Amino acid sequence: MYLEFFGLSKPPFRITPNTEFFFPGGNRGAILDALIYAIRHGEGIVKVVGEVGSGKTMLCRMLEDSLPETVETVYLANPSVQPGEILHAIAFELHLSLAPDAPRLQAMQALYDYLLQRHAEGRQVVLFVEEAQAMPLATLEEIRLLSNLETQHHKLLQIVLFGQPELDELLTDPAIRQLRERIVHSFHLDPLNATDTRAYLNFRMRQAGYKGPDVFGPAAVREIQRASLGLTRRINIIADKALLVAYTERTHEVNARHVLAAAKDSEFIDFAHPSRRRLWAGGVALVLLGAVAGFGAGRLLPAAAPPAPMATLARAPLAAPSASSPATPKTTIPPGLAAARLTATEAWLAKAPADTLSIHVQLISGTDLNKLELYLEELAKLVEIEKVFVYRTQAGGKPAVSVLYGSFPDPAAAKQAMSRLPAALRAQRPYLRSVRGVREEIRKTRESHEAG
């Protein structure tokens, strides 16, 4: 919408990680270099901790792109994977021939043989684990056991854990003290300070093709810093919306009023302060004026960014399906979706063979059915809602809901369906789950609830 007005060739503040926009300031570049060194020469587990939205996923993508071709990466983004499933999840990512019901010993041997082969070829294999703080303790212990795969002189599998600060708290649990002892390098992604925030804004604008004087003035930068707390995802969201407000006003300079309107719309700021309320009111009036002229497309500030990451997607609208999408979404959305899909899932799990597979597309924190309802309403615009299954589970010891799509008799059919998912769902890194695994997860969740 505002790209041509600001002379941009591409959106500068999308929240989807794009390595073209990797900002080396704020110690990010130094941490990247250290991670590359640790992976190439490390003999243990590496840990990266940062707040939600601090840029962990961007760093992970940049790390993947920066490693030499001799390093093969495996990406594990499922925080609720159970201990008995992690070997199969890794085997799936490595394209190993392994039956879904293969016992643990067979899965471990297949992985060990593969790693030995890669080592003989002079190659490394690295496992990236995202959202590690949400994993069950038993799963983290299983990951620790993977670090035991080694030759006489070399580790066969290098492991990098990415997590929120809760990961550090989790690692104080005596039950996984052996994992803590295996961590040989720890890095922390701190929020950007005011100087780094200004540099970050200018960097991304110029990476997007901007060539003029700085768009974000000193006052605007200060307000972005305050509202975002220095978290890059928040900076992106606020900056994108502030550009839109400036565009509706036909000015090439973003000021504090534009930022405050954007922050209010993003719910990132406390507007109890009277002066901020006054500034916000003026900003919103301008945005509404733009909306009447056709800029708003029916919303206060349209979301220019793609879907939020797994933990927060339920709060954000999914992108519209592409013309080439094979999914056949319903045009009308039935009421009571959450309750209906919970009931349908119970019936499906009761009669489906244990080897039946489904595609895990989302994990939603909490048990609020209204939150689930909103997510399912958006999901129904992308896929056939009758093929969606939901069940209650836990993530990091806290209540959550898992969302699955489809019911497939074998891995080939499931993988083909997964490759044909709309882009908004593929961006969430979906993975396969067996009915057997889901039943076991539900059983453990119920036992945990009864024990509590």
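Five strands form an open sheet in the order β2-β3-β4-β1-β5, and the pairing is parallel; two strands count as paired if DSSP finds at least two bridges between them. The strands and helices named here are DSSP runs, strands (E) of at least two residues and helices (H or I) of at least four, numbered from the N terminus. This is a predicted model, in which local features need pLDDT of at least 70 and side-chain atom pairs count only at pLDDT 80 or more, while totals for chains, interfaces and linings use all residues. Residues are numbered from 1 along each chain as its sequence is written, and side-chain values use heavy atoms, with hydrogens and water left out.

At the edges of the sheet stand β2 (71–76) and β5 (183–189); each has a single partner strand, so one side of each lacks a neighbour in the sheet. On average, neighbouring strands of this sheet are turned by 20° against each other, direction ignored. Axes are lines fitted to C-alpha atoms, for helices over the stretch in contact, and angles run from 0 to 180 degrees between N-to-C directions.

Strand β1 (residues 45–50) is joined to β5 by 6 bridges, and the two run parallel. With β4, β1 pairs in the parallel sense over 5 bridges. Valine 46 stands opposite valine 160 in β4 and opposite histidine 185 in β5. The bridge partner of valine 49 in β5 is histidine 188. Is β1 buried or exposed? Because 6 of its 6 residues are buried, β1 is largely enclosed by the rest of the structure. Buried means under 20% relative accessible area, exposed over 50%, and partly exposed in between, with a 1.4 Å probe and protein chains only. Ile45, Lys47 and Val49 point one way from β1, whereas Val46, Val48 and Gly50 point the other way.

Helices come next. Helix α5 (residues 137–146) lies across β1, β3 (124–129) and β4 (158–163), and runs at about 155° to β4. The buried residues of α1 are Arg28, Gly29, Ile31, Leu32, Leu35, Ala38 and Ile39. Their cover includes β1, α2 (56–66), β3, β4 and β5, contact meaning heavy atoms within 4.5 Å.

Helix α3 (residues 83–93) and helix α4 (residues 104–120) pack at an angle of about 35°, with their axes 9 Å apart. The contact is made by Leu87, His88 and Ile90 of α3 and by Arg104, Ala107, Met108 and Leu111 of α4.

Threonine 232 is found in helix α10 (residues 232–248) and counts as buried at 11% relative accessibility. Leaving out residues up to four places away in sequence, threonine 232 touches Gly53, Ser54, Gly55, Leu192 and Tyr200. Serine 434 belongs to strand β9 (residues 431–434) and is buried, with a relative accessible area of 14%. Serine 434 and isoleucine 359 are 75 residues apart in sequence and 8.8 Å apart in space, C-alpha to C-alpha.

The protein chain holds 17 helices and 9 strands. Of its 452 residues, 49% count as buried.
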